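These notebook entries record what I looked up about aromatic rings. I set out the entries in the order in which I made them.

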Amino acid sequence: MFYLTEYVLSMLAQVTAILFPIFALVIAGFIVNKTLKIDFSGLNTLNMAVFVPSLIFSALSQAPLGKEQGPLLLAAILALLIPMVLIALLRSQSFNFRTWAPAMCFRNSGNLAIPLFGYAFGTLASEAAILLFVVSTCVHVIFGGLVLSSSRGLSSLASLFKMPLFIAALVAMVVNLANLPLYPPLHQAAELLGQAAIPIMLLSLGSQMTNLKLNGLTIGLQSIGLSLVTGAVAYCMIALLIPLPVLQQQMMVLFCMLPPAVMNYLYAVQFDTEPDKVASMILYGNAAAIITLPLLLSYAFSLS
């Protein structure tokens, strides 16, 4: 009994140490927006256009890329597609596919996953998290063009190739896989710019929490439960079908069950897929992360 208590306390201390800097910045973003009424939209645009692509380029140009990343990428795609299939099976008047599927499939692989994986599992996991973020974002853009859009259809896919983060990822992988020499000061400049990306993501996420409204509580709670269930099914399928090393298994636990990405709301507004409901899913889902993430992290650590 003593050793069990000691283990639980040790695990709790480890999880708290990992999550504290993340939630500290989220809370700071909430306070800043609540007191100073700062509009983060311009900063978010700058982040996605400059800082995040710099982070992606500096990480992927040096990361170990090759066949060993294949199973992880396949697992990531299954983690995105399995919840989509489950929501399609649940399709009804209560669960409109175009409203619910994006929030269940495309999770917060940027704001939360990149810093979380880095703090929890180290540099290798942080680099893999950036790769997962790129994959998730690209699939999200394709999904928006093929499924959410009723008029633009395939023509909207051209926007994928104009995205700074996609261009940065493509150039970085060419440099990496072709073993092209990279001017060290150029890499250092990209690394320096990229260091601004994660703090801005977390502050921005916190600022979104000021929009929580009680009239969206029911939708928010339904979304949290459905997100965890569909994510758990996806993780179980991945664990059964794809042999992953322990580190990548731990990453998949979190990747499959993170709260919804903020980009889902932007698409909901753009394609008129009940944006008020989607906003409740995102805001309550990310607020609930203060409870769900410690539990998921504890399970992930138990795998090792």
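Entry 1. I noted that F117, F121 and F301 form one aromatic cluster. The model I consulted is predicted.

Entry 2. I then looked up how many aromatic pairs the structure holds, and the number is three. For F121 and F301, I recorded ring centres 5.8 Å apart and planes at 65 degrees. The pair is edge-to-face because this angle is over 60 degrees.

Entry 3. I looked up where these two residues lie. F121 belongs to helix α5, which covers residues 113-121, and F301 to helix α14, which covers residues 289-302. The pair therefore ties together parts that are 180 residues apart in sequence.

Entry 4. Are F121 and F301 buried or exposed? I found that F121 has a relative accessible area of 16% and is buried. F301 also counts as buried, at 10% relative accessibility.

Entry 5. Y235 is buried, with a relative accessible area of 10%. For Y299 I recorded a relative accessible area of 41%. Y299 is therefore partly exposed, because this value falls between the cut-offs of 20% and 50%.

Key. Residues numbered from 1 in each chain as written. Predicted model: local features only at pLDDT ≥ 70, side-chain atom pairs only at ≥ 80, totals over all residues. Heavy atoms only, no water. Phe/Tyr/Trp six-rings, centres within 6.5 Å; stacked < 30°, edge-to-face > 60°. Helix = DSSP H or I, 4+ residues; strand = E, 2+ residues; numbered from the N terminus. Buried < 20%, exposed > 50% of the residue type's maximum accessible area, 1.4 Å probe, protein only.
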